[in-house]
Structures are given as C-alpha cells and as structure tokens.
Amino acid sequence: PREFDMGKRLPLWACAVLAANICGLFQVSTAISTPAAPTTPTPGPTPTPGPTTPSPTGPPAPTNLQFTTVGTTSLAVSWTASGSAANYRVSYQAVGAGSETESGTGITGNSHTINSLSPGVLYTIRVYGISSAGVEGDALQQDQGTKPVAPTSLQFTTVGTDSLAVSWTASSSAATYRVTHQAAGAGSETESGTGITGNSHTITGLSAGTLYTIWVYGISSASVEGAALEGSQGTKPVAPTNLQFTTVDTDSLAVSWTASGSAANYRVTYQPSAGSETESVASTAATTH
C-alpha cells in the first residue's frame, strides 16, 4: 500500500478510492421493522351446566268465594276448593285502613268464620291455597261489609189517623236508615223511606184505626243493612159524627152519634163549663149512651 503524507493534498483519484472503501465498511438498511400483531387465544370448550331444581310453585287460587253469614262482628265464608291445594289460609283487611290480618291457616276444609271484626266496616277477604310442600299460591279475594248495630229506643212522637211520626237513638256504625211498616196480621212489609240520614221519620199513607208494626234498619257506609229496631203502634180512628142529645133531663143526658168506620168502640166523657173532664163510660160498642 502506498503511504501518503497527511500534510500533502491527495490527488482526486485517491479521494475517490478512499471514499469507496469507507462506504463498503457500512451496510445501511432502509427497511422499517413492523411490530408483530397480537395473537388471540383460541377459547376452550364451554362448560355444560349441571342439572337445576325448578322452584316449587303454589297451587291455583280457589274460586267462588261466598259469604254465607254476615254479622256485626263476624263473616262466615266458603269457597270452591283448588284441586292442588292441601290446605288454606284466610286473611282480612279493612278497606282503606289497617294491614292484612290472618284469621286462620292450615284450614283443610273449604269454609271458615272470621271473628273479632268491627260493625259496619267494609273488609277485603283473601283465601290462599297452600300446596303439600308448603308453597302458597295466589289469593281468591272479595270485599264484604259487616252489619251495623241496630238503632235503639223507638219512639212514636206523633200519632195521627193516617200517619205516624217516629224517632230513634242512632247507631254509631250506621250511615243511614231505612223505615218500613206493615199492618198487623195483613199485607206485606212496605218501605216508607230509605237513605234517611237523621234519626226521625214520618210514615204517611196509613189507614185510620189500624195497628202497625214499624221497623227501623241501620245501613252501613258499605250499604250493608243491619238488624231492625221494631215497635208497634196504631193510628187513630176517624172521629164519630152527628152527635145528638136524644133526652135532656135535670141530671142526665142521653146521646147518640154516627159510628166511625175505623172505631171498634167508644169512650164517652163530659165536662162542666167549670171543672175537669170526667169519664162516663170507658168502652162501648154501641152508638148511644
């Protein structure tokens, strides 16, 4: 190899040779490395679920709820059995107030009496069927009110020939009242008034001289009618007419009159212009005295 004096300039041909040798020492790569895409693992087989036990279901609800007896503090109920129910549970709840209260459970028949209720109150009654596994089904449900307590102390405040005015002491569990009448031993019970909000009423359209039975019924806000307060009172007969003095003496008077069609007998009294009324005969069927 030829040595060069570094203090001297190289000829052009020497510079070209030197550059070629330097370039050969280095291999420049222009390729750009691209990162490898991630690989998705292949999922394994889906595990097969084991056998499951179905949740037990309750029996179908019973049907045909009936209220066989309605009292002031009790309700007797019956129903058509559910084919798959082993026994029943009965509950009650005052409509719009209170909570559901159990009356009986484990009932094996298809009837039950609910006690300890309040008079004149509307209740929701529910009957649930229960399976032999102890699972309760949907309820058979219906509303029914108890009877109000009867009013008391019936009074006949005015007695006329064709009317009777009555009053009574109100029932705390009645919202309104109904009044009826019936001629004793004849006819049928006739309504005189209903929806009466007070504690008095006048019965009109009666027959003179007739004995009547009067009933006053309390009705609850749920339109359940209670037992009646009962009393009897007759109307006044029409007065006799055409009074005649057939004999006038110093110490006696003979009288006659035209009979009243509604009188059974008569009472005769007299009264001097100064003094009190005195009875001459208490009862006579005749029209003379």
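## A guided tour of the predicted model

A search of the whole structure finds six salt bridges. A salt bridge here is a side-chain nitrogen of Lys or Arg within 4 Å of a carboxyl oxygen of Asp or Glu. This is a predicted model: local features need pLDDT of at least 70, side-chain atom pairs count only at pLDDT 80 or more, and totals for chains, interfaces and linings use all residues. Residues are numbered from 1 along each chain as its sequence is written, and side-chain values use heavy atoms, with hydrogens and water left out.

**Stop 1: the whole chain**

Show the chain as a cartoon. It has one helix and 18 strands. Helices (H or I, at least four residues) and strands (E, at least two) are DSSP runs, numbered from the N terminus. Of the 289 residues, 30% count as buried. Buried means under 20% relative accessible area, exposed means over 50%, and partly exposed is in between (1.4 Å probe, protein chains only).

The accessible surface comes to about 18200 Å², and 52% of it belongs to carbon and sulfur atoms. Areas come from the Shrake-Rupley method with a 1.4 Å probe; for residues, only the protein chains shown count as cover.

Contact means heavy atoms within 4.5 Å. Among contacts in the chain with a separation of 6 or more, 55% are between residues 24 or more positions apart.

**Stop 2: the salt bridges of Arg 89**

Select Arg 89, Glu 102 and Glu 136. These residues are linked in a network of salt bridges. Start with Glu 102 and Arg 89: their side chains meet at 3.6 Å, N to O. Glu 102 lies in strand E4 (residues 101-107) and Arg 89 in strand E3, so the pair ties together parts that are 13 residues apart in sequence.

Next, look at Glu 136. Its salt bridge with Arg 89 has the closest N and O atoms 2.8 Å apart. This pair links distant parts of the chain: Glu 136 is in strand E7 (residues 136-145), Arg 89 is in strand E3, and they are 47 residues apart.

Which of these side chains is buried? Arg 89 counts as buried, at 16% relative accessibility. Glu 102 is partly exposed at 45%. Glu 136 is partly exposed too, at 34%.

**Stop 3: another salt bridge**

Move to Glu 191 and Arg 178. Their closest N and O atoms are 3.3 Å apart. Glu 191 sits in strand E11 (residues 190-196) and Arg 178 in strand E10 (residues 176-183), 13 residues apart. Arg 178 is buried, with a relative accessible area of 17%. Glu 191 counts as partly exposed, at 45%.

**Stop 4: the nonpolar cores**

Select Leu 65, Trp 79, Val 90, Ile 125 and Val 127. They have the most contacts inside the largest nonpolar core, which has 16 residues. Strands E1 (63-70), E2 (75-80), E3 (87-94) and E6 (122-130) each give two or more residues to this core. A nonpolar core is a set of buried Ala, Val, Leu, Ile, Met, Phe, Trp, Tyr and Cys residues joined through side-chain atoms within 4.5 Å.

Center on Val 127. Leaving out residues up to four places away in sequence, Val 127 touches Pro 62, Leu 65, Trp 79, Tyr 88, Arg 89, Val 90, Asp 138, Ala 139 and Leu 140. A second, separate core has 14 residues, including Ala 174, Tyr 177, Val 179 and Tyr 212.

**Stop 5: two buried loop residues**

Pick Leu 117, in the loop between strand E5 (111-114) and E6. Leu 117 counts as buried, at 5% relative accessibility.

Then select Thr 235, in the loop between strand E14 (225-234) and E15. Is Thr 235 buried or exposed? Thr 235 is buried, with a relative accessible area of 7%. What lies 2.5 Å from a polar atom of its side chain? The backbone oxygen of Ser 207 does. The backbone nitrogen of Gly 209 lies 3.0 Å from a polar atom of that side chain.

**Stop 6**

Finish with Leu 243, Phe 245, Val 248 and Leu 253. They make a nonpolar surface patch of about 430 Å². Patches are made of residues with over 30% relative accessible area and no salt bridge; like charges are joined within 9 Å, nonpolar side chains (Val, Leu, Ile, Met, Phe, Trp, Tyr) within 5 Å. Strand E15 (residues 241-248) gives the most to this patch, with three residues. Phe 245 is found in that strand, and counts as partly exposed at 48% relative accessibility.

How values were computed:
A polar contact is a pair of N or O atoms within 3.5 Å; within protein, one must be able to donate a hydrogen and the other to accept it, and residues adjacent in sequence count only if both atoms are side-chain atoms.
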